[in-house]
Amino acid sequence: MTDTARIPEKPALEGLETKWGGVWEDRGTYRFDRDSATRECIYSIDTPPPTASGSLHIGHVFSYTHTDVVARFQRMRGKHVFYPMGWDDNGLPTERRVQNYYGVRCDPTLPYEAGFTPPFEGGEGKSVKAADQVPISRRNFIELCERLTVEDEQQFEALWRSLGLSVDWTQSYRTIADEALFTSQLAFIRNVERGEAYQALAPTLWDVTFRTAVAQAELEDREQPGHYHRVAFQRPDGGTVEIETSRPELLPACVALVAHPDDERYQPLFGTTVTTPVFGVEVPVVAHHLAQKDKGTGIAMICTFGDVTDVVWWRELQLPNRAIIGFDGRIIAEAPEAITSEAGREAYAQLAGKTTFSAKQAVVELLRASGELLGEPKAITHPVKFFEKGDRPLEIVSTRQWYIVNGARDEDLKERLLGRGREIDWHPDFMRVRYENWVGGLSGDWLVSRQRFFGVPIPVWYPLDADGNPRFDEPIVASREQLPVDPSSTPAPGFDEAQRGAPAGFIGEHDVMDTWATSSLTPQLAGGWERDPELFELVFPYSLRPQGQDIIRTWLFSTALRAELEHGAAPWSNASISGFIVDPDRKKMSKSKGNVVTPAGLLEQHGSDAVRYWAASSRLGTDAAFDPQNPTQVKIGRRLAIKVLNAAKFILTFEGDADAPVTEPVDRSMLAALETVVQQATKALEGYDHARALELSETFFWTFCDDYLELVKERAYGEQSAEQASAVAALKTALSVLLRLFAPVIPFATEEAWSWSNEGSVHTANWPAAEELAARGEAGVELLELASLALTGIRRAKTDAKASQKTPVSRAVIAAPADAVALLEAAAGDLRAVGRIDTLEFASAEALEVRDVELATPAE
């Protein structure tokens, strides 16, 4: 029964987030009930752990709302929802933020300083130039990373709670916590033991700013201005071979010229040699199918290394390595051994220590002086590879790195991964193609080591020989019992700390794992793999992986890979992929473009339910435009939430019981229409189409408020009778159903309205079932539709007459087809009452219309 004392005089959205957020936490409304859970009744979600560095943006709110709608729906369907929240706090973004925030940089050679106070506190420190940042020890740096990420995570959690995410906060995890270190290191050790992880000295994409290797999944092409330089190589017969290159500074690293095997122009040259300009090195002319006959002159120089194609050519053609670019992006001091002439070595000496930009200018001048630059450089714009978080083009340097196999060189593994992709139900289905294209296009194994500081240490040491040289091919891998472990501060098994770096001693691996090497294990991290086997058996494989489309190649693929390698299974049964948020010009919102909207102000101004409505209005996989100056959908959502509160208050003030018999045809027709909505909305949510479910529910709701509620309110206000009880029962039944239909989208308004007449939470109530309405709605939906049309006609007639809707009508005629008239006669009493009609007549016509409306008093 309704306790009218619970209903506020003026229902409002303001303050509901704070009120109900506290209640939900105190009651444990969203707590995962593990004790009574079975595998069959669990719905588990592998939630994206946001990067805990900086601030959340509107795209986070967008996609996480999509996930929360699913979680709330499944919970109301009786599922035990396992819905944890993770924080991705290790990796480069955190390090960059710490550098800017505190004005420091990491120098691993420095000793630890106890009680260190950073030069900046509480400011972004962006005015501090990199050169002015205070160098500190690795341990001090990591402590600052820990401090800042904890602060950021607390702010993020507060925002998520404000948004109303129904997360079980007791299940949260951090990707740098001891449990995550243990899980990540154990999975890596297992990869090593099975031969799936290995170390190799190989050409590596390298970011010279951050001094770290970069994986294929972290690349992006950016259009950059440049120049083509036409350069002449000397042939033994005195002739020349002309090539065009955008990187003349790599001439000292040239190891061959290459043309397509079918190119008749260069077929006579295959197997011969030419001499490089300026540096005088003899190099072979070779054939390879990746050479492009229609690019430049059709013949190109292979350098070690200018781009990833150079790496392919170098590997497949078994060419020498003459790399000249160092880890700092500058030309190394020592010239390649192949440069033997005095002139060549003098030319190289002019390049040593220069940046690639300065070296390019120097080589161009040398080519001009030698007469081997043909014409002037030609301006071009071309795609250049960058680290997605970097500001300078990547270089390729030779480094020793750790890799995990990913199917690039293993057709059997590739086919298994494609098969797992087909086992997953994708929402929308076309997103599967992006996964398959990524798997099919892999060109190398997954590089997982990073030359960074704040991350999961690679649990490996290397023995040193009698001369103190590392024996990299004999790594000492940590045992499970040692985990988590940092080899840079813990001695290798069988050694003591005094032997670190000493001949016949050991050194620890200083590299850390790529952040995706940890994030790829989120199902294992959250589910307690190898730490809580019972929990892991309950939740894995997970029911759902929700995420953005831009990280299919990284997070989704890498998680599928780790699950295949460790468990031989797909990690989830469903993958839901949200679209992007775009600005009014349809450009993707991103920090780099400067068009990101932070959500805190939006939530405060319009309310969380309004913002959630905007997010839920967009289908999965569909980009959504957002204009912060005119957030139309947000305003519509706020209007809906307010209407829900007002409609609930209005309905609950009627005297009567929701369980009373529903006898009147128009009431039964309304419930029949609502039954259809419940069926269709439920089907839509089962298919992960939250936008369709919301559209169906909202369309009915406005018809319910604008037409049905107006139609029957006079009867509901009337004296107690079977007809009055029928109206009130229908209204309260519909309200209960509608609150539950809207609960996943606007949780605060629905919880508030639900609390006025119910004990417990709407979010743990049963999802509405068609069976609740079927027995009461046998009249069919047609009567409600016809009555709504008739009511609209009555209103329009008064409006056309410039009369108030309260103006009495002495006579009106409703004309309609015979079968419609038969139905409408059952609603005649309600139509007379709401229209204030003294005499209501029915007539036959081809289409429904209201005519001959005679107002009882003249219109003013």
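## Two cis prolines

Pro541 sits in the loop between α13 (533-539) and β24 (542-548). Helices here are DSSP runs of H or I with at least four residues, strands are runs of E with at least two, and both are numbered from the N terminus. The peptide bond from Phe540 to Pro541 is cis, with omega near -5°. A cis peptide bond also joins His427 and Pro428, where omega is about -5°. Pro428 belongs to the loop between β17 (425-427) and α10 (431-440).

## About the model

This is a predicted model, in which local features need pLDDT of at least 70 and side-chain atom pairs count only at pLDDT 80 or more, while totals for chains, interfaces and linings use all residues. Residues are numbered from 1 along each chain as its sequence is written, and side-chain values use heavy atoms, with hydrogens and water left out.

## The whole chain

The protein chain has 25 helices and 30 strands. Its C-alpha trace spans about 115 × 65 × 50 Å along the principal axes. Of the 860 residues, 56% are buried. Buried means under 20% relative accessible area, exposed means over 50%, and partly exposed lies in between (1.4 Å probe, protein chains only).

Contact means heavy atoms within 4.5 Å. Take the contacts in the chain with a separation of 6 or more: residues 24 or more positions apart account for 78% of them.

## The largest cavity

A search of the whole structure finds 4 cavities of 30 Å³ or more. On a 1 Å grid over the protein atoms alone, a cavity is a set of points where a 1.4 Å probe fits but cannot get out; lining residues have an atom within 4 Å of a point. Grid points are joined across faces, edges and corners, and a volume is the space filled by probe spheres set on the points. The largest cavity holds about 80 Å³ of space.

Which residues line the largest cavity? They are Val69, Ala681, Leu685, His690, Ala693, Leu694, Ser697, Leu741, Phe742, Pro744, Val745 and Trp767. The largest share, 4 residues, comes from α19. By class, the lining has 10 nonpolar residues, 2 polar and no charged. Ala, Val, Leu, Ile, Met, Phe, Trp, Tyr, Cys and Pro count as nonpolar; Asp, Glu, Lys and Arg count as charged; the others, Gly among them, count as polar.

## Helices that meet α19

α18 and α19 pack at an angle of about 170°, with their axes 9 Å apart. Axes are lines fitted to C-alpha atoms, for helices over the stretch in contact, and angles run from 0 to 180 degrees between N-to-C directions. The two helices, α18 and α19, are therefore roughly antiparallel (angle over 145 degrees). Residues in this contact include Met670, Leu674 and Val677 of α18 and Leu696, Phe700 and Phe704 of α19. In all, the contact of α18 with α19 has 15 nonpolar, 3 polar and 3 charged residues.

Helix α16 (residues 608-616) also meets α19: their axes come within 9 Å and cross at roughly 115°. Here Tyr613, Ala615 and Ala616 in α16 touch His690, Ala691, Leu694 and Glu698 in α19. This contact has 5 nonpolar, 1 polar and 1 charged residues.

## A covered helix

Is helix α3 (residues 92-102) mostly covered or mostly uncovered? It is mostly covered, with 8 of its 11 residues buried. The buried residues are Leu92, Thr94, Glu95, Arg97, Val98, Gln99, Tyr101 and Tyr102. They pack against β4 (104-106), α4 (138-163) and β15 (378-387). Gly103 follows α3 and has a positive phi, near 70°.

## Two buried residues

Ala253 lies in the loop between β10 (240-245) and β11 (254-259). Ala253 counts as buried, at 0% relative accessibility. Apart from neighbours within four places in sequence, Ala253 is in contact with Ile302, Cys303, Thr304, Arg322 and Ile324.

Val311 is in helix α6 (residues 308-316). Val311 is buried too, with a relative accessible area of 10%. Neighbours within four places aside, Val311 is in contact with Pro203, Phe305 and Ile396.

Glu530 is not a glycine, yet its phi is positive, about 60°. Glu530 lies in the loop between α12 (522-527) and α13. Its relative accessible area is 29%, so Glu530 is partly exposed.

Lys802 is not a glycine either, and it has a positive phi of about 55°. Lys802 is in the loop between α23 (782-800) and β28 (809-816). At 68% relative accessibility, Lys802 counts as exposed.

Technical notes:
On a 1 Å grid over the protein atoms alone, a cavity is a set of points where a 1.4 Å probe fits but cannot get out, and a pocket is an open set with protein on both sides within 12 Å along at least five of seven lines; lining residues have an atom within 4 Å of a point. Angles under 35 degrees count as roughly parallel, over 145 as roughly antiparallel, 65 to 115 as roughly perpendicular and the rest as oblique.
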